[in-house]
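Here are my notes after going through the model. Have it open beside you while you read.

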Amino acid sequence: MFLLLWSISVSYVWPIKQPSVRDDADGHLIYHTGDILHNRYKILATLGEGTFGRVVKVKDLEMEHTMALKVIKNVEKYREAAKLEINALEKIAEKDPTFQHLCVKMLDWFDYHGHMCIAFEMLGLSVFDFLRENNYEPYPMDHVRHMAYQLCYAVKFLHENKLTHTDLKPENILFVDSEFTTTFNGRKNREVRRVKCTDIRLIDFGSATFDHEHHSTIVSTRHYRAPEVILELGWSQPCDVWSIGCIMFELYLGITLFQTHDNREHLAMMERILGTIPYRMARKTRTKYFHHGKLDWDEKSSAGRYVRDHCKPLHRYVLAETPDHLQLFDIIRRMLEYDPANRITLGEALRHPFFAKLPPAQRLHEKCNENSVSASSSRERSHSLSR
């Protein structure tokens, strides 16, 4: 009898299964610290969350190192966007196998019960998160210069390969390592952080679009959206350049250039800061923001007063009338040219005097040119030898 009861109790305990994979109401994967995904990646912590899903810190049990794993929601549109991101990242890796052009390195990807998962190298905070945790203290000028240069360099590489990022913003620029030193600012009566290393990586290629692919009507996060996108005039690589101009302003001053959530108000801010939108663009758009080629905007309304009080012509934001500051605003102004055909290209931007002060070790485009010249000369030598 005892043996029979024991065998029944054992058979009752033994078949209990591991909990099945479950999602919450929004499509996020429900997980716990210590869970192992794909029989390989052990979840250590949650790093962040977005509309697409979550990013978790994992340990690769095969390679014995940590990485960031982007776990996409089990929702069709986000799953499809993830597949496009994987395609873009694979193409980038083909063109730049040694990752010299500062785009984030994809290490693996897999489908986990409907959740597309993409594994990346571990990086530091985004330049936005660092700014926020530093009480929106602007970055020093030498940091602005190096970060802006790297951003131009990385995005120029995308443009040369017929790809537009379409969602450039401080949240999508990550420090390789966000360790910092702290000093006391007597004028502000608080501690101020200064990042030790300004090396960055460009992330989030979920909206990146190749020239031959369908171009969505609206792209970019609101504050970094170019006028041709708002006016639905079609867009290409220059819309990224506009975004970079907005980002450079934000790094320099610690505030967003176009702080709005409404198209008409956004256009009014542009006119207040940059001057009148060209008549040709106003006449060409099918949107209803213009009347007889002039922005339909009441300056005496509460919204009108808000724009007048919170925005001023671009040159009035310059903090010092010194060459560094004036050169920075010259390049920002060229990036914020209304007409995308007249906007500065990133190749031209890298040669702008603002970047001339960079130390030789940081002049990546010059090193790249040297490498291509030496590569072509070595090819010529090998050809001459074969002859």
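**Notes on the model**

1. Contact here means heavy atoms within 4.5 Å. Its side chain also makes a polar contact with the side chain of glutamate 85, at 2.9 Å. A polar contact is a pair of N or O atoms within 3.5 Å; within protein, one must be able to donate a hydrogen and the other to accept it, and residues adjacent in sequence count only if both atoms are side-chain atoms.

2. A word on ground rules: this is a predicted model, with local features needing pLDDT of at least 70 and side-chain atom pairs counted only at pLDDT 80 or more, while totals for chains, interfaces and linings use all residues. Residues are numbered from 1 along each chain as its sequence is written, and side-chain values use heavy atoms, with hydrogens and water left out.

3. Back to lysine 70: it is buried, with a relative accessible area of 8%, and lies in strand 4 (residues 65–72). Buried means under 20% relative accessible area, exposed over 50%, partly exposed in between (1.4 Å probe, protein chains only). Helices (H or I, at least four residues) and strands (E, at least two) are DSSP runs, numbered from the N terminus. UniProt, in an unreviewed entry, puts a "binding site" feature at Lys70; such annotations may be inferred rather than shown by experiment.

4. Arginine 79 sits in helix 2 (residues 76–95) and is buried too, at 15% relative accessibility. A polar atom of its side chain lies 3.0 Å from the backbone oxygen of glycine 114. Beyond four places in sequence, arginine 79 contacts Ile72, Asn74, Gly114 and Met116.

5. Now the sheet: six strands form an open, antiparallel one in the order 1-2-3-4-6-5. Strand 1 (36–37) and strand 5 (106–112) are the edges, each pairing on one side only. Two strands pair if DSSP finds at least two bridges between them, and two bridges join strand 1 to strand 2 (residues 41–50). Leucine 37 stands opposite tyrosine 41.

6. On confidence, mean pLDDT (the predictor's confidence in each residue, from 0 to 100) is 91, and 89% of residues reach 70 or more. Residues 1–19 stay under 50, with zero contacts beyond four places in sequence.
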